[in-house]
Amino acid sequence: AASEPPSPAKPAADGEQAGGDLVVTSENHITTITFNRPAKKNAITTQMYRDIMLALQAASKDDSVLTVLTGNGDYYCSGNDLTNFTDIPPGGPEEKARTNAVLLREFVDYFIDFPKPLVAVVNGPAVGISVTILGLFDLVYASDRATFHTPFSPLGLSPEGCSSYTFPKMMGPSKAAEMLIFGRKLTAQEACAQGLVTEVFPDSTLQKEVWTRLRAYTKLPPNAVRTSREVMRSKGRERLHAVNAEECEALRQRWLSEECASAVLRFMSRKAKL
Amino acid sequence: AASEPPSPAKPAADGEQAGGDLVVTSENHITTITFNRPAKKNAITTQMYRDIMLALQAASKDDSVLTVLTGNGDYYCSGNDLTNFTDIPPGGPEEKARTNAVLLREFVDYFIDFPKPLVAVVNGPAVGISVTILGLFDLVYASDRATFHTPFSPLGLSPEGCSSYTFPKMMGPSKAAEMLIFGRKLTAQEACAQGLVTEVFPDSTLQKEVWTRLRAYTKLPPNAVRTSREVMRSKGRERLHAVNAEECEALRQRWLSEECASAVLRFMSRKAKL
Amino acid sequence: AASEPPSPAKPAADGEQAGGDLVVTSENHITTITFNRPAKKNAITTQMYRDIMLALQAASKDDSVLTVLTGNGDYYCSGNDLTNFTDIPPGGPEEKARTNAVLLREFVDYFIDFPKPLVAVVNGPAVGISVTILGLFDLVYASDRATFHTPFSPLGLSPEGCSSYTFPKMMGPSKAAEMLIFGRKLTAQEACAQGLVTEVFPDSTLQKEVWTRLRAYTKLPPNAVRTSREVMRSKGRERLHAVNAEECEALRQRWLSEECASAVLRFMSRKAKL
């Protein structure tokens with residue numbers, strides 16, 4: 001049917017660029033990047049960070065008008081796979097922290113600089129980095145099943161994705177602090193009222209309504225869309241890069257902290273006991 | 001009765017400064033500028049742009065405390081009269097685009113620099129430039145019949161009135177993008193939830209409630225009002241002028257684009273067929 | 001019971017640092033500063049300004065994780081005690097205005113620079129300076145009985161506490177203007193919708209719910225909390241100090257104005273007639 005979403009499980013019309021944990025499809029001038037680790041609640045591995053950057057690079061040059069991120073299964077994305085922090089390289093934890101900070105900074109820079117409208121279709125719970133980068137998106141549509149959770153402090157961590165700047169700007173300092181510092185989880189309706197989500201849809205109609213709307217948006221004059229977006233974004237880009245650099249440096253230090261090591265250990269031992 | 005609005009159709013107590021498409025009245029320390037082309041949904045002609053600037057100039061110097069913009073009839077204002085773009089001068093489209101950009105920039109500068117509280121009484125649907133400049137107003141009261149629509153992309157255009165800066169700041173980036181890039185029309189309630197409207201009133205009581213409130217506001221100590229407003233505004237004015245200049249330059253180029261020419265042609269041929 | 005708030009009326013476990021009009025208690029890693037002039041609706045005297053700064057200074061160095069401001073009785077705080085403006089020193093009104101401006105600037109600077117999360121538990125109506133500084137807090141919990149009122153213009157005054165900057169940023173320019181320039185009083189629900197309040201609780205459960213939540217927050221890894229907060233705040237601090245200085249200078253002039261003198265006289269003569 002015309003209003004069905006592109007199915008990320010099967011090869012797409014214009015060609016599939018990556019399989020496995022990340023599926024990229026292109027159809028009707030929309031490139032869709034799908035988190036595809038449903039058994040792991042779509043947690044992002046180091047490899048997936050790299051694959052998302054490759055997918056964004058390709059999408060910036062293909063004939064698509066919109067780029068969509070979404071998740072396969074119950075979750076949108078549960079954030080970082082914590083195993084990203086546990087396999088220590090020969091250079092030791094310092095090297096690990098440095099490498100991760102460089103990777104994260106490059107990853108977020110891709111979203112800051114991406115030249116086409118970025119759309120998140122948040123099909124279920126979103127956690128961590130998958131929430132914080134939403135402040136860099138052009139459209140955020142969410143299922144009423146979605147939640148938005150950034151539990152940095154319990155893990156000994158601090159916010160990324162420019163959220164330390166975009167969230168207070170968007171929702172005021174005290175709602176941003178309760179979310180980013182104290183880890184309060186938002187419902188989809190709360191996230192919408194606070195400007196993080198553009199619109200909430202009943203889970204049963206999310207796919208139909210969103211994809212119909214997005215296809216209509218692809219019909220708009222492309223240069224006007226590009227100009228409008230550039231006029232809106234150009235002013236803030238330099239500031240976002242500075243914020244990203246500052247957040248990644250703070251995180252690099254956090255990853256080497258006692259608090260963070262203990263939190264990861266607790267997490268791993270809980271896992272081992274299961 | 002004491003709670004009736006100044007009637008823009010008849011000459012005002014303190015003198016009417018412009019007739020026809022724009023009516024200016026002054027009463028009870030409130031100067032009211034009324035869009036008065038109800039048969040054309042209060043679309044703004046080039047002449048009206050000039051007359052609004054003259055009216056603002058006069059209002060900045062008269063003994064009024066508040067300056068109100070409102071519309072006569074069903075609409076608040078349907079935005080630019082598209083015939084503004086179709087009568088090409090001897091210098092050709094380039095000259096036309098240049099002249100329009102200069103006029104628009106000067107017009108928006110008047111709102112940025114206006115020294116008294118600016119109030120919009122949005123009596124019905126608002127479109128385009130009449131929506132985007134609301135981010136520069138001090139008070140925006142709307143009928144529950146009002147809607148807020150900025151269909152720039154379908155016309156090959158990009159946003160003005162500093163909205164590319166004021167809207168994301170006010171409602172977050174993704175709600176601003178859906179409105180300014182993708183042309184989503186807001187209800188009065190949505191516009192209020194997103195900070196664009198101060199308060200929504202039932203259409204039947206809008207006039208009575210708003211004018212009663214505004215008359216009370218004119219009784220406040222005028223120097224305190226002026227100081228408070230200046231403390232709030234002085235910080236952002238330079239930035240707003242830079243944004244305005246950037247938006248007008250982007251629009252000058254848009255007006256010369258194929259996309260914009262096609263959109264205006266479609267519009268004119270639809271009109272010719274009626 | 002475990003979920004009871006620290007009782008500000010009796011000496012606290014870790015020692016009480018100030019009695020009388022301001023009560024400071026420290027318990028469970030939470031330092032609580034309580035406005036304690038219920039017969040005067042917790043209006044702030046010049047002495048209380050000084051005591052609050054001393055209490056903040058002590059709280060920044062004690063072993064507490066959170067610092068809470070709240071009020072004893074029906075009111076949270078009714079703002080400045082107007083007698084602050086009526087006892088004129090030998091140096092005359094100019095000296096008085098200068099001294100008050102220096103005190104206010106120092107007071108607000110304490111909130112801008114405070115190194116730990118600041119929490120307001122707004123137990124009832126809040127007025128003036130007790131409202132404006134909320135834009136500098138990390139968490140603002142309010143009873144559904146609370147209201148938020150900044151009647152500066154009727155008193156010939158202009159806004160402080162950085163509200164001329166934080167409020168428009170948080171709620172958009174026109175909602176901020178109606179509040180700060182035109183003195184519109186907000187309900188707790190309105191203040192929450194506009195980002196000034198983090199969450200509203202029924203008055204009957206406010207204390208239980210808030211203190212349970214705050215105690216949970218004290219259990220979070222302290223360095224992560226500190227880093228997250230610093231990443232969020234460091235960017236804006238310089239700007240806030242500049243805004244504070246500008247607002248205090250505007251107020252110094254306002255305090256010497258005819259409008260302000262008349263308003264204080266009206267207030268004193270109304271009081272004398274009672």
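Analyst: A residue is called buried when its relative accessible area is under 20%, exposed when it is over 50%, and partly exposed in between, with a 1.4 Å probe and protein chains only. The model is predicted, so local features need pLDDT of at least 70 and side-chain atom pairs count only at pLDDT 80 or more, whereas totals for chains, interfaces and linings use all residues. Residues are numbered from 1 along each chain as its sequence is written, chains are lettered from A and ligands numbered from 1 in the order in which they are written, and side-chain values use heavy atoms, with hydrogens and water left out.

The relation between the copies comes first.

The interface requested is that of chain C and chain B. In it, 29 residues of chain C are in contact with 32 residues of chain B. The two chains bury about 2,400 Å² between them, 61% of it on carbon and sulfur atoms; this buried area is the accessible area (1.4 Å probe) that two parts lose on being put together, summed over both.

A salt bridge is a side-chain nitrogen of Lys or Arg within 4 Å of a carboxyl oxygen of Asp or Glu, and by this rule 3 salt bridges cross the interface of chain C and chain B. One salt bridge joins Glu199(B) to Arg184(C), their closest N and O atoms being 3.4 Å apart. A polar contact is a pair of N or O atoms within 3.5 Å; within protein, one must be able to donate a hydrogen and the other to accept it, and residues adjacent in sequence count only if both atoms are side-chain atoms. Between chain C and chain B, 11 residue pairs are in polar contact, both residues at pLDDT 80 or more.

On the side of chain C that touches chain B, the elements giving two or more residues are α4 (163–171), α5 (173–180) and α9 (237–255) of chain C. Of these, α5(C) provides the largest share, 7 residues. By class, this side of chain C has 14 nonpolar, 6 polar and 9 charged residues, where Ala, Val, Leu, Ile, Met, Phe, Trp, Tyr, Cys and Pro count as nonpolar, Asp, Glu, Lys and Arg as charged, and the others, Gly among them, as polar. Helices (H or I, at least four residues) and strands (E, at least two) are DSSP runs, numbered from the N terminus.

The helix α5(C) is largely enclosed by the rest of the structure, because 7 of its 8 residues are buried. Its buried residues are Ser174(C), Lys175(C), Ala176(C), Ala177(C), Glu178(C), Met179(C) and Leu180(C).

Some loop residues complete the account. Thr45(A), in the loop between β2 (30–35) and α1 (46–61) of chain A, counts as buried because its relative accessibility is 15%. Lys41(A) is found in the loop between β2 and α1 of chain A and has a positive phi of about 55° although it is not a glycine.

Note on methods:
Contact = heavy atoms within 4.5 Å.
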